[in-house]
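Here is a friendly walk through a two-chain model, written for someone who likes to think in contacts and areas. Have a look at the sequence and the structure first.

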Amino acid sequence: MAARNGKSGILEKWRIDEKPVKIDKWDGAAVKNSLDDAAKKVLLEKYGYVENFNLVDGRLIICTVSCLFAIVALIWDYLHPFPESKPVLACCVVSYFIMMGILTLYTTYKEKNIFLVAHQRDPAGMDPDHIWQLSSSLKRFDDKYTLRVSFTDGKTKRTRDKEDTQSVAVFFDENGTLVMDQFEKCVSKLHDTLTSDKKTK
Amino acid sequence: MLSLDFLDDVRRMNKRQLYYQVLNFGMIVSSALMIWKGLMVVTGSESPIVVVLSGSMEPAFHRGDLLFLTNRAEDPIRVGEIVVFRIEGREIPIVHRVLKIHEKFVPYIGIVTILMNDYPKFKYAVLCMLGLFVLVHRE
């Protein structure tokens with residue numbers, strides 16, 4: 001009993017979900033990532049949607065397969081030194097670069113900056129889920145962050161989206177701490193606009 | 001617990017993101033590995049790019065120079081070309097210029113002379129055996 005409490009105690013100290021997010025405000029990638037994560041949090045926790053991992057899983061699978069090709073090439077070359085392993089090596093190298101091509105195509109055309117796909121379950125359980133998609137962009141050395149929320153109706157399969165561009169300075173204070181309230185307001189506004197549009201249409 | 005701020009990002013990640021971080025690292029290593037193996041296949045040599053370690057080839061090559069090697073089976077080795085070879089058991093390849101090619105030779109006969117040189121006892125043993133043989137054998 002004491003051991004289990006000790007273990008979960010360390011795990012809790014490791015996870016810092018409740019600590020306010022603090023990042024280096026000059027690091028563009030960190031800023032975008034923290035804003036994306038916060039938007040995810042709002043949609044998943046406040047509105048209770050269920051995250052769909054298919055897009056992310058697709059990318060992970062492509063990367064894993066590429067690494068497997070590399071590992072096979074490494075082990076084969078180690079077991080059968082160079083001249084005999086030529087055909088296998090050639091095969092693995094070509095396959096690896098083909099996988100790289102597939103990965104690039106996937107991230108450019110299928111993922112398209114989308115970082116969250118969430119399902120809004122119908123409370124009655126009768127209609128298919130509505131799908132919310134979040135995507136964002138933040139250009140290098142620029143401070144304008146664009147968040148796009150897109151809503152696909154489960155029944156009619158029509159998609160509506162709305163985007164909002166703001167300076168990141170609105171959401172972060174001088175130390176680089178994310179002011180969650182401001183950001184939550186912004187995300188909720190986008191969300192509610194889309195929801196009300198749905199009701200009026 | 002130590003508060004290591006740079007680990008904060010990692011602590012906030014869920015399982016998928018952590019796996020992606022590991023994969024990212026794997027992809028970087030794999031890309032380098034695949035480029036190296038690709039070069040090996042294309043040039044046909046075991047180490048297509050080597051660094052010159054000693055100054056024995058000056059003024060042609062200096063220490064720290066990079067050499068790009070090919071090993072096509074159809075190219076013959078001619079006098080004046082520079083070859084890189086590795087002796088079995090020694091890790092480091094050796095760079096030298098070809099001075100003379102021995103076209104027709106009988107291999108391994110010289111081994112006996114070398115053996116006799118290295119092991120004098122062997123030399124005496126061979127001489128004794130030869131002497132005995134001549135004495136005993138009827139002609």
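How many residues does the contact take from chain B, and how many from chain A? In this predicted model, chain B gives 28 residues to the contact and chain A gives 33.

## The interface between the chains

Let us start with area. The size of an interface is often given as the accessible area lost when the parts come together. Between chain B and chain A, about 2,800 Å² is buried, and carbon and sulfur atoms give 68% of that area. On the chain B side, B:Arg11, B:Arg16 and B:Met34 supply 25% of the area that this chain buries against chain A, more than any other three residues.

Now for the polar side of the story. The rule finds 6 residue pairs in polar contact across the interface of chain B and chain A, with both residues at pLDDT 80 or more. Two elements of chain B each give two or more residues to the side that touches chain A: helix H1 (8-11) and helix H2 (15-43). The largest share, 16 residues, comes from H2(B). By residue class, the side of chain B that touches chain A divides into 13 nonpolar, 8 polar and 7 charged residues.

## Salt bridges

Side chains of opposite charge can pair when their charged atoms come close. A search of the whole structure finds 8 salt bridges over all chains. Across the interface of chain B and chain A, the rule finds 2 salt bridges. The side chains of A:Asp77 and B:Lys37 meet in a salt bridge, with 3.0 Å from N to O.

Within chain A, the side chains of A:Lys32 and A:Asp36 meet in a salt bridge at 3.1 Å, N to O. How far apart are A:Lys32 and A:Asp36 along their helix? They are 4 residues apart in helix H2 (residues 28-46) of chain A, so about one helical turn separates them.

## Annotated spans

Next come the spans that carry a record. For chain A, an unreviewed UniProt entry places the feature "transmembrane region" at residues 58-76 and 88-109. In the model, residues 58-76 of chain A are 100% helix and 0% strand, with end C-alpha atoms 27 Å apart. Residues 88-109 of chain A are also 100% helix and 0% strand, and their end C-alpha atoms lie 31 Å apart.

For chain B, UniProt (unreviewed entry) places a "transmembrane region" at residues 18-36. That span of chain B is 100% helix and 0% strand, and its end C-alpha atoms lie 28 Å apart. The UniProt annotation "domain: Peptidase S24/S26A/S26B/S26C", again from an unreviewed entry, covers residues 36-100 of chain B. Over residues 36-100, chain B is 12% helix and 22% strand, and the end C-alpha atoms are 33 Å apart.

## Domains

Chain A is given domain 1 (28-52 + 115-197) and domain 2 (56-109). For domain 1 and domain 2 of chain A, the C-alpha centres lie 35 Å apart.

Definitions and conventions. Residues numbered from 1 in each chain as written. Chains lettered and ligands numbered in written order. Predicted model: local features only at pLDDT ≥ 70, side-chain atom pairs only at ≥ 80, totals over all residues. Heavy atoms only, no water. Contact = heavy atoms within 4.5 Å. Buried area = accessible area lost by both parts, 1.4 Å probe. Salt bridge = Lys/Arg side-chain N within 4 Å of Asp/Glu carboxyl O. Polar contact = N/O pair within 3.5 Å; in protein donor to acceptor, adjacent residues only side chain to side chain. Nonpolar A, V, L, I, M, F, W, Y, C, P; charged D, E, K, R; others polar. UniProt positions renumbered as here; feature names shortened; annotations may be inferred. Domains from an automatic or database assignment.
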